[in-house]
Amino acid sequence: MASLSTTSLSFKAPSTRISQVLRKGSSFQSVAFGRFASSTSKTSLRLQISCAAKAETVQKVSDIVKEQLALTADTPLTAESKFTALGADSLDTVEIVMALEEKFNISVEESDAQNITTIQEAADLIEDLVQKKPAA
Amino acid sequence: MQRSLSMGLTSLLPLKLPSRMETHLWYIRPDEVKCASLLKHYSQLLSPTEKDRVLQMRGDELKKNALLARTLVRTTIARYQTNSEVDPRSLMFKKNKYGKPEVDWQNYNNCNNPPLHFNISHTDSLIACGVTVHVPVGIDVENKERKIKHDVLAFAERFYSADEVKFLSTILDPEVQRKEFIKLWTLKEAYVKALGKGFSAAPFNTFTIQSKVGTEGCYNLCKTSEMTISSLEKTEKCYEEWRFALLELADSHYGAICTEDDQAGGGGPMRVIIRKTIPFVEDELISESKLL
């Protein structure tokens, strides 16, 4: 069951969690990414790390989404791609969330699971949850 | 078999509103609609916003299905004429405060606007629209053969209620188990959509839908209350005011319907009238609704 804005799942209850994540921006652990070694100032290095982490997460999310929705290689996909525009229905969305939980070893609350509508939102939520996990 | 458009398009068959006890279910099969000029005709029914949304879908097939979904909604509602003919193009829609789509009758001066409720659901091979009067309706359709990528029980444990997990775990044949999982999914979705308050209002693990013992095709909604008083016993309350029907559509899909029972209908099982349609081309009354 695919959905349009008029169908099933798109009655988004306000998701304070996701909007909080988006509003406060991203905070990152200061882990060194070898390929981003830079001689620039600490601030811009951190900015670089933050963008890299996002891109990597976005890529992983995209891969999972492509697999779940059985998208062809030439389907245009961006971080802003809405799951519904890619043909996902609510069952797909839930399966995507489960796959993300397994991949990133996180636990997503059900209300958040149903409110993820784009790849970027999923990546943001993952970043938020991973960051909140107790240090290994 | 495509009827040639050179024969001319038929007009929409006008219909009486469903009675209080009835749900009308209309469905369309995208693979039966191939004619480009017919699709063009359909696209002329849509509002500019709807057209934009159709265009946002990635890929031709998704675009076509999005177009057919809006066409189905508009033409279906337009059939239920009360005093004057309703042009499907002129219908307006709004959303309730939780985002559930509704008809916005404000542009009609007609005082007898039908208290019509609708809900739509689609898969890539079937799009359905349910219509009721006076009471909200939720529908969900799913391809019977849909494969679940995760282990069914793991999925159920994550999202369904404890009783539903128990029920599913008693099924030994994995294929039967998968089918029961999907049937439950459609029933649960239909309920949440009928409720119309978004998913946070009714997380899947807070309610159980189960067959009514001794009946065919009748289901009960039971909610597990999180509130405990003194003991760890969970209180379960069964809600008579929500009615369910589970059907097989076109031999390929499960369709679940949930409506609110406002008691004015006098109780009794839901009556479902199913029609297959290619708007402006043909409508077919499906005389046997296979209740599951």
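This report describes the interface of chain A and chain B and the aromatic pairs of a predicted model.

## Basis

In this predicted model, local features need pLDDT of at least 70 and side-chain atom pairs count only at pLDDT 80 or more, while totals for chains, interfaces and linings use all residues. Residues are numbered from 1 along each chain as its sequence is written, chains are lettered from A in the order in which they are written, and side-chain values use heavy atoms, without hydrogens and water.

## Interface of chains A and B

Chain A contributes 37 residues and chain B 41 residues to the contact (heavy atoms within 4.5 Å). Between them the chains bury about 3,400 Å², of which 61% is on carbon and sulfur atoms; buried area is the accessible area (1.4 Å probe) that two parts lose on being put together, summed over both.

The interface holds 3 salt bridges (a side-chain nitrogen of Lys or Arg within 4 Å of a carboxyl oxygen of Asp or Glu). A:D89 and B:R146 form a salt bridge through their side chains, at 2.7 Å from N to O.

## Aromatic pairs

Over all chains, 13 aromatic pairs are found (ring centres of Phe, Tyr or Trp, the last by its six-membered ring, within 6.5 Å; planes under 30 degrees apart are stacked, over 60 edge-to-face, the rest tilted). B:Y191 and B:F244 form a tilted pair, 6.4 Å centre to centre with 50 degrees between the planes.

B:Y191 is buried at 0% relative accessible area, and B:F244 is buried at 5% (under 20% relative accessible area, 1.4 Å probe, protein chains only). One aromatic cluster includes B:Y191, B:F244, B:W185 and B:W242.

Conventions: Buried means under 20% relative accessible area, exposed over 50%, partly exposed in between (1.4 Å probe, protein chains only).
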